[in-house]
Each structure stands twice: as structure tokens, then as C-alpha cells.
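Here is a short briefing on the spaces inside one protein model. Look at the structure first, then work through the points.

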Amino acid sequence: MADVHAPGPLVLGIETSCDETGVAVVRVGPDATELLFDAVASSMDEHARFGGIIPEIASRAHLEAMIPTVQHALAGAGVGLTDIDAIAVTAGPGLVGPLTVGSAAAKALAVALDVPLYGVNHVIGHAAVDELVHGPFPERLMALVVSGGHSSLLLVDDIVTGVTELGSTLDDAAGEAFDKVGRLLGLPYPGGPHIDRLAREGDPTAIRFPRGLTAAKDQAAHAYDFSFSGLKTAVARWVEARQDAGEEIPLTDVAASFAAAVADVLTAKTIAACRRNGVDTLVIGGGFSANSQLRDLAAVRCAEAGIELRIPPIRFCTDNGAMIAAVGAAAVRRGLPPSALDLPVDSSMPLESVLV
Ligand code: KG4
Ligand code: ZN
């Protein structure tokens, strides 16, 4: 049970950008932010049969899950609603309907409790949550945020006031590419974890798939950008050619060679960015950071380059309330002004605006 009389304001974080209703309570302590409890309800099971997230179903599920999930988080933290000193909520990017349900709940709570409200950038939350797990960030770090919706490389001088977007995907996000290749290989949705599992049994050097935006000509404009749609097409062509020839598809080798190409590009560009910016700490976040091929290659390449690698445990890599509470806590710690009570949601919120 948390000691509600311990020093430091309590921040309630609410996340509803996609299919997870996440609510967490953190305490802004003198040296570090402490996670008191993190509660998550997911509607993924309701989307799986459609092969993708259906926004209307997600919105309704958030509406139904919101009050029980807030109650669960408060009970788990051992605090009451009136102990909360600030509310943080995802303002974007994400699905407009789900974002609107979360922001309406957050606004209602902020008005009822008469506490400040912070509208937070979801992608930054995926990096910020690592402070709750591995302690305060150093002065400068690199963050690679990879999920079904984003693949972004961020130079972080301050997690609220100093985020620079170095690059992002020009087409599919890493997880999205895995899910699309999963579909073409006939795997259930979402395909990412299935490809990961198959890849562990295959030969990553069996097929040389293309590494997008790594040619010398791409260095000027796209040194830190990613592109996975050409890779996905290359896998499709390779599989079709074998099918047309009546050959069996070596699923584990295709998965391993595809996963190796994605992990290679993500880690090579990220480590080059660390080197060129003199950064020796890398945080990887987002649901795709569960991927074994990425984790293994990042560990090897960071060790070679003398870079400290920080990856939160998987439950903090998928969408959750703690990541939003972490950004809210960082804003409270810095004494930043809160957002307006009529803050808008922004489905394509730019990464360099951490708060609205
Ligand atoms: O962050 P997240 O839970 O939701 C989004 O905000 O998108 O990320 C989910 C994405 C999905 O595309 C899923 O297939 C992928 O991450 N993913 C994986 C693995 N675990 C999740 N992809 C590859 N290997 C995994 N182990
Ligand atoms: Zn996310």
C-alpha cells in the first residue's frame, strides 16, 4: 500500500489512443518519479477477427472500461480520487474517437477535482516511461520508438522541453510491416509476435532482403528515416515466385531473413545517430520493442559502440497509462503550465510538441 502522506504530488495518467485503456498513478518524488500502480484493459480480442483495430469498437470499449480502470488504478495505488494532484492524458497521435473518450474523462476529473490537466504526446510517453523503471534520464539520450503505429528516432535533451525528431518512417511502421508480412504468410493478426517466434527457428542469412533507405544516395535526405514498404513487397514477390513454381515456402527462413532486415536497419541508423550526436544512452520503447531480433541486435551493437541500452519491460512497451503519467510527472516536476481545459485531441500530433 502506498503511503499517501509521503512527499510529492500524485499524477493520474490516462491513455486511450488505440485499443488499450490505461490508467496509472505516479508520485513525483524529490529525486525520481515512482510508479504506484498501472491498470490496463484491452479491447484487442474484439478486433482480432477483423484483422485490424476498428475505431468505433475501440471507442465504445474505452467508454465501458474507463471508470472501472480508474477505480482499479486508485485501489491498486492505495489512494483516493481526492488525493490526486494532477491529471495527464494522451492528446495525440492516435485514433480520434478513442482519444476523445480519454480526454473527456480527463477533463471531467480535472474539473471535478480542481487540479491541473496536461495533454501529452503518446509517442514521447513510450520513451518517458523508462524513467519509472530505470531511473532519471541522463542529460542527453537517443530514443527509438517503434510500434504498430510509429517508428521514430528522437534526440532527447529534455523529455518535455527538448525533443528533436531526427527521423521517422516514410511509409509503414516496423510493427505494421510485421503485421502485413504476417498476413501474406497466412499468420493470425497481429502477425508481429508470430513472425518473431518463427524467425527464432530460421536462418537470418537465408534470403538477402533489401534494407530501405540505406544506400549512399539516401544519406543526405534520409539518414535517420526508415522505409519498410519496399521490404514488404520484396517478401511478397519472393513468396509468390516460390508459390508459382509449386515450391513449399520455408516460413522460418523467410521470417528470420525479414526480421533481420528490419532489425539491421533500425539498429544501424540509431547507432549512427548516437555516434554523430555524441550520445551514449539509448532508450527503445513502443510495442515493437518486444521483438527478439531487434532486442538481440541492439544489445550486441550497443555493447560494441559503448552505448548503454535501456528497454522497459514489455508491459511498459505496449500502450499503458504509466507512460502518460510519466510525461505528466516530468511536466509537474519542471513547474510547466498546464494545458487548457478545452484542449483538443490531435490524431497526427507532431513529436516535437510534447504537451498541448
Ligand atoms: O505499441 P503497440 O502495442 O501498439 C501500437 O501503438 O501500435 O505495438 C503493437 C505492434 C503490432 O504491430 C505488433 O505486431 C508488434 O507491435 N509486435 C511485434 C512483437 N510484439 C508486438 N512485432 C514483432 N515482434 C514482436 N515480438
Ligand atoms: Zn503506442
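The largest pocket holds about 1,000 Å³ of space. Ligand 1 takes up the space of this largest pocket. The model is predicted: local features need pLDDT of at least 70, side-chain atom pairs count only at pLDDT 80 or more, and totals for chains, interfaces and linings use all residues. Residues are numbered from 1 along each chain as its sequence is written, chains are lettered from A and ligands numbered from 1 in the order written, and side-chain values use heavy atoms, without hydrogens and water.

**The largest pocket**

- A pocket is an open set of points on a 1 Å grid over the protein atoms alone, with protein on both sides within 12 Å along at least five of seven lines.
- Its volume is the space filled by probe spheres set on the points, which are joined across faces, edges and corners.
- The lining (residues with an atom within 4 Å of a point) has 35 residues.
- Nearest the centre of the largest pocket lie Ser-147, Gly-148, Gly-149, Asp-179 and Tyr-189.
- α6 gives the most to this lining, with 6 residues.
- By class, the lining of the largest pocket has 12 nonpolar, 15 polar and 8 charged residues.

**Ligand 1**

- There are 18 residues around ligand 1 (a heavy atom within 4 Å), and Gly-148, Asp-179, Asp-196, Gly-287 and Asn-291 come nearest.
- α6 (174–184) and α7 (192–199) each supply at least two residues of this shell; helices here are DSSP runs of H or I, at least four residues, and strands are E runs of at least two, numbered from the N terminus.
- A polar side-chain atom of Asp-179 lies 2.6 Å from an oxygen atom of ligand 1, and a polar contact is a pair of N or O atoms within 3.5 Å.
- A polar backbone atom of Gly-149 is 3.2 Å from an oxygen atom of ligand 1.
- Taken alone, ligand 1 exposes 540 Å², and the protein buries 86% of that (Shrake-Rupley method, 1.4 Å probe).

**The cavity**

- A cavity is a set of grid points where a 1.4 Å probe fits but cannot get out.
- The search of the whole structure finds 1 cavity of 30 Å³ or more.
- Residues lining the largest cavity include Leu-144, Thr-267, Ile-284 and Cys-302.
- α10 (251–276), β9 (281–285) and α11 (292–305) give two or more residues each to this lining.
- By class, the lining of the largest cavity has 7 nonpolar, 2 polar and no charged residues.

Note on methods:
Nonpolar A, V, L, I, M, F, W, Y, C, P; charged D, E, K, R; others polar. Polar contact = N/O pair within 3.5 Å; in protein donor to acceptor, adjacent residues only side chain to side chain. Sits in = over half its atoms within 2 Å of the grid points.
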